[in-house]
Amino acid sequence: MHELSIAQEIVRIVAKEGASVHAVRVIGASVSVGRLMAIETDNLLFCLDVLKKNDPLTEHTVFMVEEERLQLRCKACGHVTVTGEFLFACEVCRSQGVDVIGGEQLEVSCLEVECDEDWRETECDGEA
Amino acid sequence: MKIGVKQSVMAKLDVKQSVMAKLDVKQSVMAKIDVKQSVMAKIDVKQSVMEANNELAAKLRAHWAERRALTLNMISSPGSGKTALLEKTLLRLRDRLKIGILVGDVQTENDAKRLAVYGSPVKQIITSGTCHLEAHMIEKHLPFVEQGDLDVLIIENVGNLICPSSYDLGEDFKVVLLSTTEGEDKPLKYPGIFRRAQVAMITKIDLLPYTDFDLDLAERNIRSIHNETDILALSSRTGEGFDRWLDWLQQRVQEKRSLGAAEKGPEFS
Ligand SMILES: Nc1nc2c(ncn2[C@@H]2O[C@H](COP(=O)(O)OP(=O)(O)O)[C@@H](O)[C@H]2O)c(=O)[nH]1
Ligand SMILES: [Mg+2]
Ligand SMILES: [Zn+2]
């Protein structure tokens, strides 16, 4: 059940990042979870939904979990295999000498926030 | 951090202002809609959830690099024989190596008591429910076992094959244990830890005659997850296969000692 500690850290990051752009509310947050991190999505979402209520900024946040698939680079032929299975072998040459180059991510990838007007006028770099 | 604000040049009025402005109903509704669109922003955060743990683990690693202390993180299901392995290891090596031990369990000091009789510095980490050790727990308890210079620090993680695999503790090697009563397909069921561990140890081989455990199949399963893993098979009860483990350990200690001068690492006290 490391989902609980991970959810705590996710809510902390979301609240911190939201506060840093002077958000009044974080509407949505996307979390990218690598296949190798052995995280149960439903379990994580359950923990997030409990913990988010502790902070008015995250109270109504809708969390989305995206799975990052396993990516393996073959040391023999260089081919990159992307798989939803736990098969550590090259799909082209069948070699088991592979480096894991994806599937170990665990990050808060992006937020959707509602900000107040003052912040937008002072901090937006006018890109939009 | 990049901030993309969609339609940021929209209405300047916020809800309160629009009410204050005494606009007619229709206009103020419009203003509200505009406001809502104008203040929504999508923010790229790309922040690692493990960052706090990983930063501290990196500090611990630098600390042990300076001291040339080999550090192992032992991971298995409850009851695979981690503590028994450490008892026998201390018994056999206590005259040759200075070994410190941090042992994590959800409750009780039992394992620390079992290990303390060999005269090595041992500290129990009681996690009170948490199913794995994190770097900050190591940082907190480290000073209890690090009096003087250690050749080896062994961390016995909480019995669990899933959660501990995601937490870097700054160790040199993750060692995963699998006992002969657990079935050969454990590596396939828990690929995360078997992929990350550099050493896999099949324990309790004295029980092989009483089980249908297929040692070759277990090794093939481990290799199918990680073909470069060092595989050792042993019994802490009879001592069979133990010499190879002690050789492996002492060789790694030598390698760590012979590394070039390390930069000054952070202190923990
Ligand atoms: N037959 C046999 N029993 C063992 C061996 N190693 C450990 N055990 C027993 O397995 C049980 C659990 O061992 P322990 O070291 O506490 O496991 P841990 O939870 O991984 O620390 C204890 O009853 C040990 O005596 C072994 O090599 N052979
Ligand atoms: Mg134990
Ligand atoms: Zn290949």
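Visitor: Which protein atoms are the donors of the zinc ion (ligand 3)?

Guide: In this predicted model, the donors are the SG atoms of Cys74(A), Cys77(A), Cys90(A) and Cys93(A), which lie 2.3 to 2.4 Å from the zinc ion (ligand 3); donors here are N, O and S atoms within 2.8 Å of the metal (3.2 Å for Na, K and Ca), with water not among the atoms, so sites may look incomplete.

Visitor: And how are those residues spaced in sequence?

Guide: The spacing of the donor residues is C-x2-C-x12-C-x2-C.

Visitor: Why is the arrangement tetrahedral?

Guide: Because the four donor atoms subtend angles of 101 to 121° around the zinc ion (ligand 3), and four donors count as tetrahedral if all angles lie between 85 and 135 degrees.

Visitor: Is Cys74(A) buried or exposed?

Guide: Cys74(A) counts as buried at 3% relative accessibility, whereas Cys77(A) is partly exposed, with a relative accessible area of 42%; buried means under 20%, exposed over 50% and partly exposed in between, using a 1.4 Å probe and protein chains only.

Visitor: New topic: which residues touch the most other members of the largest nonpolar core?

Guide: Ile6(A), Ile10(A), Leu111(A) and Val113(A) do, out of 31 residues; such a core is a set of buried Ala, Val, Leu, Ile, Met, Phe, Trp, Tyr and Cys residues joined through side-chain atoms within 4.5 Å.

Visitor: What does Ile10(A) contact, leaving aside neighbours within four places in sequence?

Guide: Ile10(A) is in contact (heavy atoms within 4.5 Å) with residues including Val31(A), Leu44(A), Phe63(A) and Val49(B).

Note on methods. Residues numbered from 1 in each chain as written. Chains lettered and ligands numbered in written order. Predicted model: local features only at pLDDT ≥ 70, side-chain atom pairs only at ≥ 80, totals over all residues. Heavy atoms only, no water. Tetrahedral: all angles 85-135°; square planar, octahedral: opposite > 155°, others 65-115°.
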